[in-house]
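Please find below a short note, written for a reader who is new to the study of protein structures. The points are numbered so that each may be checked against the sequence and the model.

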Amino acid sequence: MKNITNIQKFSVHDGDGIRTSVFFKGCPLRCEWCHNPETQRYEREMQFDSGRCTGCGACVKACPSKALSMKEGKPILDKKACVLCGKCENFCPARLREIIGREYTVKELAKELMKDQMFYEESGGGVTFSGGEVMAADMDYVLAAAKELSRQDVTLTIDTCGYVPYERFQQLLPYVDTFLYDVKVMDPELHKKYIGVDNELILENLVRLARDGARIYIRIPVIKEVNGNEKNMKETVSFLRERNIHPAKINLLPYHDTGSGKYQKLDMEYKGTDLHAPGREELEEFVQIFIEAGFADTKIGG
């Protein structure tokens with residue numbers, strides 16, 4: 001799969017320097033706080049802002065597949081009948097419909113990414129492949145794109161949750177400058193509760209990546225009810241030290257709900273309504289735990 005939801009220019013929180021971030025569609029995890037729900041499913045899909053719909057019916061008239069019909073003054077979509085042709089998207093006068101996911105050839109993607117080469121060179125930046133989970137995408141495609149960027153002397157950063165077979169990392173290692181590696185919570189049961197899977201494979205892959213000499217930035221999304229406590233931070237420190245893992249940076253990323261409004265548009269339920277970020281003082285205490293353990297380059301935010 002190689003559906004891409006967004007190519008974000010001038011990204012400054014997805015690795016070093018000024019970067020262009022490519023968001024691949026599809027993810028094996030289901031984090032309750034996910035702020036990119038449009039990247040969870042692998043297939044293309046229709047996003048619809050029903051709350052702003054006036055019920056004009058223009059989309060129903062435009063649909064050649066008869067997948068749309070009016071019910072109680074609102075258009076209803078039959079997903080099985082919809083072929084994602086885009087006619088309703090084009091004819092909606094308020095632009096409330098959008099097809100999420102577009103396929104690019106490697107050549108098309110590289111051409112788009114190279115438009116910002118000047119910014120990469122001046123800032124020490126490059127390209128970041130993100131998601132969703134890029135490591136769960138079509139690896140032949142990802143590998144070909146990575147090789148093309150390497151050929152054009154553009155550095156590649158991979159933003160990953162780590163929940164894929166390690167062979168995928170081995171394939172990409174020669175072409176990747178940095179891995180932004182998520183370590184969400186150390187307790188495997190809590191990990192399964194809030195993320196949908198345990199963390200055994202994720203931690204195993206982190207150990208193997210470190211042993212293979214990868215440059216790693218560890219990123220910890222900090223949620224008060226899940227991992228935003230001293231116990232989890234100290235367990236993370238112990239894991240890193242016991243396995244001789246020396247990340248170049250550690251970023252503590254406070255929880256935010258800026259993506260919660262996307263769920264209704266995708267006919268999905270947002271489960272993070274009872275989650276919160278720790279206070280600034282707590283976050284600074286967590287930073288000190290890492291610094292005192294020898295991880296000097298630890299900070300709040302990306």
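**Notes on the predicted model**

1. Helix α9 (residues 230–242) and helix α11 (residues 280–292) have axes that come within 10 Å and cross at roughly 25 degrees. Angles under 35 degrees count as roughly parallel, and α9 is therefore roughly parallel to α11. The crossing in which α9 passes α11 is right-handed. It should be kept in mind throughout that this is a predicted model.

2. Which residues bring α9 and α11 together? On the side of α9 they are Glu-230, Met-233, Lys-234, Thr-236 and Val-237; on the side of α11 they are Phe-286, Ile-289 and Phe-290. Sorted by class, this contact of α9 with α11 comprises five nonpolar, one polar and two charged residues.

3. Another helix pair deserves attention. Two packed helices are described by the angle between their axes and the distance between the axes. For helix α3 (residues 106–113) and helix α5 (residues 139–151), the axes come within 10 Å and the crossing angle is roughly 40 degrees. The helices α3 and α5 are therefore oblique to each other. α3 passes α5 in a crossing that is right-handed.

4. The contact between α3 and α5 involves Val-106, Leu-109, Ala-110 and Leu-113 from α3, together with Tyr-141, Ala-144, Ala-145, Glu-148 and Leu-149 from α5. In terms of class, there are eight nonpolar residues, no polar residues and one charged residue in the contact of α3 with α5.

5. The backbone has two details worth checking. Most residues other than glycine have a negative phi, and most peptide bonds are trans. Gly-131 and Gly-132, however, are joined by a cis peptide bond, with omega about 15 degrees. Gly-132 is found in the loop between β8 (126–130) and α5. Arg-95, a residue other than glycine, has a positive phi, near 55 degrees. The loop that holds Arg-95 runs between α2 (87–91) and β6.

6. The largest pocket holds about 1200 Å³ of space. Its lining consists of 48 residues, and those closest to the centre of the pocket are Phe-23, His-35, Asn-36, Ser-130 and Gly-131. Gly-131 is also one of the two residues joined by the cis peptide bond.

7. Which strand gives the largest share of the lining of the largest pocket? That strand is β1, with six residues. At least two lining residues of the largest pocket come from each of β1 (3–11), β6 (97–100), β9 (155–160), β11 (216–222) and β12 (249–254). The lining of the largest pocket contains 19 nonpolar, 17 polar and 12 charged residues.

8. The second largest pocket has a volume of about 470 Å³. Of the 18 residues that line the second largest pocket, Met-46, Leu-77, Lys-79, Leu-266 and Asp-267 lie nearest its centre. The elements β3 (45–48), β5 (74–77) and α10 (262–265) each provide at least two residues of this lining. By class, the lining of the second largest pocket divides into eight nonpolar, two polar and eight charged residues.

9. How many cavities of 30 Å³ or more does the structure hold? There is one. The largest cavity has a volume of about 70 Å³. Its lining is made up of Cys-63, Ser-65, Ala-67, Leu-68, Leu-77, Cys-82, Val-83, Leu-84, Cys-85, Gly-86, Lys-87 and Cys-88. Nine of these residues are nonpolar, two are polar and one is charged. Leu-77 lines the largest cavity and is also among the residues nearest the centre of the second largest pocket.

Notes:
Residues are numbered from 1 along each chain as its sequence is written. This is a predicted model: local features need pLDDT of at least 70, side-chain atom pairs count only at pLDDT 80 or more; totals for chains, interfaces and linings use all residues. Side-chain values use heavy atoms; hydrogens and water are left out. Axes are lines fitted to C-alpha atoms, for helices over the stretch in contact, and angles run from 0 to 180 degrees between N-to-C directions. Helices (H or I, at least four residues) and strands (E, at least two) are DSSP runs, numbered from the N terminus. Angles under 35 degrees count as roughly parallel, over 145 as roughly antiparallel, 65 to 115 as roughly perpendicular and the rest as oblique. A crossing is left-handed if the near helix is turned anticlockwise from the far one by less than a right angle, and right-handed if clockwise. Contact means heavy atoms within 4.5 Å. Ala, Val, Leu, Ile, Met, Phe, Trp, Tyr, Cys and Pro count as nonpolar, Asp, Glu, Lys and Arg as charged, and the others, Gly among them, as polar. On a 1 Å grid over the protein atoms alone, a cavity is a set of points where a 1.4 Å probe fits but cannot get out, and a pocket is an open set with protein on both sides within 12 Å along at least five of seven lines; lining residues have an atom within 4 Å of a point. Grid points are joined across faces, edges and corners, and a volume is the space filled by probe spheres set on the points.
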